[in-house]
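I opened this notebook to keep track of what I looked up, entry by entry. The structure comes first, and my notes follow.

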Amino acid sequence: MPEDVEMNDSAAPAPAVIPAIADVPAPAPVLSTLRHLKEIASVIEAGLLTKEVRRISRAVRLTVAICRRLAPRDVAAFLAFALSSSSDAFAHLSPLLPKEDGSEMDVDTAAPVAQVSIKHGLPEIEIYCYLLVLIFLIDHKKYDEAKACANASIARLKNLNRRTVDVLASRLYSYYSYAHELTNSLAEIRGMATLHRDELGQETLLNLLLCNYLHYNLSDQAEKLRLKAPRFEAHSNQQFCRYLVYLGKIRTIRLEYTDAKESLLFVLLK
């Protein structure tokens with residue numbers, strides 16, 4: 001007869017340890033694009049409170065980074081959040097956005113208190129809205145609407161004289177020129193000028209006008225403008241490098257090759 005074999009409990013396989021649900025880290029929540037825009041607006045507001053222009057520059061960089069992910073409903077929702085529905089800016093910008101049939105507006109109900117403190121009527125937030133819509137329209141190839149937005153934004157800028165607007169204004173001027181370039185109307189904007197003591201805006205405009213003249217092969221006019229313009233103080237390294245590139249092009253056309261080489265080499269070393 002076969003003998004009964006006594007099972008040893010120690011030889012039994014250990015049960016698998018199932019981790020508790022609480023031990024598994026929860027995935028980080030994905031912020032909606034509307035939430036991102038609200039946070040950028042908060043960065044601008046913080047820059048106003050602390051008088052730190054670098055915060056506003058950071059807000060512009062963040063906007064360019066996310067702009068291609070924006071949908072019309074996101075931009076429309078942000079305009080409703082940041083602007084009064086009775087404001088001129090809201091009236092100008094809202095009709096320019098393309099319509100989305102059957103889409104729901106991205107409503108962010110979980111926004112923290114700090115993000116809903118934007119005050120209606122802040123000029124910096126208003127100008128930021130113009131810049132946001134302008135970049136959005138250009139990215140979505142709505143060039144005629146972008147041109148209309150650019151013209152309205154520059155008209156609004158002429159009534160403002162605040163140093164905290166200068167960084168936003170500089171970007172607006174650049175996209176204003178780009179919108180007219182895309183619509184083959186660069187010649188229309190040669191009369192643009194800054195009315196206030198905005199050094200960064202003046203340097204940006206000088207570069208845009210030099211680019212404008214060179215686009216139409218008007219190198220003599222570009223050189224005359226450069227000689228009449230105030231000395232370039234390089235408030236922005238980016239604008240200074242652009243100035244040197246245009247200067248190199250002008251000198252090359254004028255057969256001043258040694259000076260042209262010096263300007264372009266300096267850009268490479270910056």
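Is Cys241 buried or exposed? I found that Cys241 is buried, because its relative accessible area is 15%, where buried means under 20%, exposed over 50% and partly exposed in between, with a 1.4 Å probe and protein chains only.

Before going on, I noted that this is a predicted model, in which local features need pLDDT of at least 70 and side-chain atom pairs count only at pLDDT 80 or more, while totals for chains, interfaces and linings use all residues. Residues are numbered from 1 along each chain as its sequence is written, and side-chain values use heavy atoms, with hydrogens and water left out.

**Cysteines**

I then looked up Cys149, which counts as buried at 1% relative accessibility. My search of the whole structure for disulfides, taken as pairs of cysteine sulfur atoms within 2.5 Å, returned zero.

**Aromatic rings**

I looked next for aromatic pairs, meaning rings of Phe, Tyr and Trp (its six-membered ring) with centres within 6.5 Å, called stacked when the planes are under 30 degrees apart, edge-to-face when over 60 and tilted for the rest. The structure holds three of them.

Because Phe78 lies in helix α3 and Tyr128 in helix α5 (residues 123–139), the pair ties together parts that are 50 residues apart in sequence. I noted a relative accessible area of 0% for Phe78, which is buried, and Tyr128 likewise counts as buried at 0%. Phe81 is buried too, and Phe78, Phe81 and Tyr128 form one aromatic cluster.

**Two helices**

My last entry concerns helix α6 (residues 143–157) and helix α7 (residues 166–182), which pack at an angle of about 145 degrees with their axes 9 Å apart; the axes are lines fitted to C-alpha atoms over the stretch in contact, and angles run from 0 to 180 degrees between N-to-C directions. The contact (heavy atoms within 4.5 Å) involves, among others, Tyr143, Ala146 and Leu157 of α6 and Leu172, Tyr176 and His180 of α7.

Definitions and conventions. Helix = DSSP H or I, 4+ residues; strand = E, 2+ residues; numbered from the N terminus.
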